[in-house]
Amino acid sequence: MSGSYGPSDRFNEERATYAVRGSDAPDLETGVAAIRNVLATLPTRSGVYRMQDAKGDVLYVGKARSLKQRVANYVQWKNLSKRLQRMIAQTRSMTIVTTNNEAEALLLEAQLIKRYRPAYNVLLRDDKSFPFILLRADHDFPRVQKHRGARRAKGSYYGPFASAGSVNNTLNALQKLFLLRSCTDGFFRGRDRPCLLYQIKRCSAPCVGRIDAAGYAELVEDAKNFLGGKSTGVQAKLATQMQAAAENMDFELAALLRDRLKALTFIQGTQAINAEGVGDADVFALACKDGTIGIQAFFIRGGQNWGHRSFFPQHTNDVPEDEVLAAFLTQFYEEVPPPRTILLDRDLTEAALLGEALGDRAGYRVALSVPQRGDRRRLMDQAKRNAIEALERRLAESTTQAKLLREVAELFDLTEPPNRIEVYDNSHIQGTNAVGAMIVAGPEGFRKGQYRKFNIRNKDTEPGDDYAMMREVLTRRFARLQKEGAQTEDSDRDDDMWPDLVLLDGGRGQLNAAKAVLEELGIEDVCMVGVAKGPHHGREGREIFHTMDGRNFQLPVNAPVLFYLQRLRDEVHRFAIGAHRDKRAKAIGASPLDEVPGIGPARKKALLMHFGTGRAVRNASLEDLQQASGVSKAVAQQVYDFYHAR
């Protein structure tokens, strides 16, 4: 079977799935038999293989220069680690994809790991996209903005930055320094006088002609030079212009240039890491302690430090450190464009292969090296020190978190510390724009990618009935878990999906509503606890905990486990209020015309501009509707019929 795979069709792929029948329970002999079945027909070409369990879930994704030789190693299971033996015992089928060369296999492996997140691969836990600065090129007066995600817009991208905070600080300084606009094109077109950013000297107001196209283009070019690492030239140019303005007695201009120089000095002063002379490079250092691995990354662009971040990959037990770092790099650069230089704290066996693969995808040469002396060596030493310190902080936090979870288990009579805690809350104003919210927490902290919000849509729910809202939210949540097969026929549950503990922001009434939902769905062993505000609405930390067995109790005000439970409650409260505000803001901007089929934003705007309000449009005659600019007779008839032909 052949075809293309993924976002790129440059792989010559021959895809085939091989399976062996047998027990679904983990069994080493059955797993080895499945692999032998595949091995008999494997080519010696390079490619990628996926090992799957009885349900078809991907256990492991691997790449190989020779598929036959690589997969043959799994048959010799006695020479493998216990971890790989467990994987083989679960294997029931394999999917094979051949590629042109090993570099292509490496890239495809990273794509598949990101897609399937297998249980036996080293995983980059924090896969959130990195922010960039985008200087657009699709307008006469280009806009500077923060950007995440696919790079489809025309313009120059600068990054990655380590965090939203670092890119926001740089953007603020850029506005002071180069006075580039940050507003949308629609806002730009609608201006007839300068906005506040012009008044506070963060924009040159090209929207109202306070600067011409040539002058603005010069600012854009200066910004490009600065972001490209030529800050010294920009600084000298501003200093010369300031001196000339002072000599010409134009003190207002001189003061403006002085402020811009201060902004430039601020940006340069925030570069806590001395990266002068490094150019464009990413720096990675790995630290390992007590079986946990931490990787510190520094992002250097144009000799400027654009931030640093710590990563803690998953599934690293019994995996050599150089393999962990190599796997991390392939996944990290799956979406982030690599610089021409990647500095590492150790030699990698596949460094040349990784550089070749990244270079093929980027379109330029990418070199991986271990610095030995000079500025790069000092930078690497600093990265190593930061990696060790970040890992020690992580282990200290993990120890504290593990202790808290043990106390939670003891407090609520759980058999073991909870791996998944779900917390629920509702938010509304007198029943309007009601929304339910769920947050998830675990041993590693909040799992924000698994947060969910629920629009209350049951028409039988009375406005302001918190109990009915909670029933609806929990019914939809647990019914969906059952529907998706998280609870199998033999009642084995997927620990990643089912909660070990459910906290409800409310008292005994909320808990009783939740118990009724579980009874109706036939769920018996989910622990639920109501967290009610104590005297003075919980200001004194006197929350009352209501358990399913009828107990009510309070905790000492200085108990660490109380502080932890309060953090969970406060987080769901924050998330619920944010979801409610978003829904309310959307409702405020809604129009009766939104209900009319076939009426897009342009025609809706034309009707509102002509009649003033949605109610006036509803009450207008057919003749009046036809008089509106940009509204054809057919559209006018459609609007009229929608409101009157009922």
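**Around the largest cavity**

Tutor: Ile133, Leu135, Val144, Leu174, Phe178, Leu180, Ala223 and Leu227 line the largest cavity. Here a cavity is a set of points, on a 1 Å grid over the protein atoms alone, where a 1.4 Å probe fits but cannot get out, and a lining residue has an atom within 4 Å of a point. Before we go on: this is a predicted model, where local features need pLDDT of at least 70, side-chain atom pairs count only at pLDDT 80 or more, and totals for chains, interfaces and linings use all residues. Residues are numbered from 1 along each chain as its sequence is written, and side-chain values use heavy atoms, with hydrogens and water left out.

So what kind of residues make up that lining? By class, the lining of the largest cavity has eight nonpolar, no polar and no charged residues. Nonpolar takes in Ala, Val, Leu, Ile, Met, Phe, Trp, Tyr, Cys and Pro; Asp, Glu, Lys and Arg are charged, and the others, Gly among them, are polar.

Next, the elements behind it. Strand S7 (132-136), helix H5 (164-178) and helix H8 (213-227) each give the lining of the largest cavity at least two residues. Those helices (H or I, at least four residues) and strands (E, at least two) are DSSP runs, numbered from the N terminus.

As for size, the largest cavity has a volume of about 40 Å³. That volume is the space filled by probe spheres set on the grid points, which are joined across faces, edges and corners. The count by this rule is one cavity of 30 Å³ or more.

Elsewhere, the axes of helix H14 (residues 466-483) and helix H15 (residues 508-521) come within 9 Å and cross at roughly 35 degrees, with axes being lines fitted to C-alpha atoms, for helices over the stretch in contact, and angles running from 0 to 180 degrees between N-to-C directions.

Definitions and conventions. 1 Å grid on protein atoms, 1.4 Å probe; cavity = no way out; pocket = protein on both sides within 12 Å on 5 of 7 lines; lining within 4 Å.
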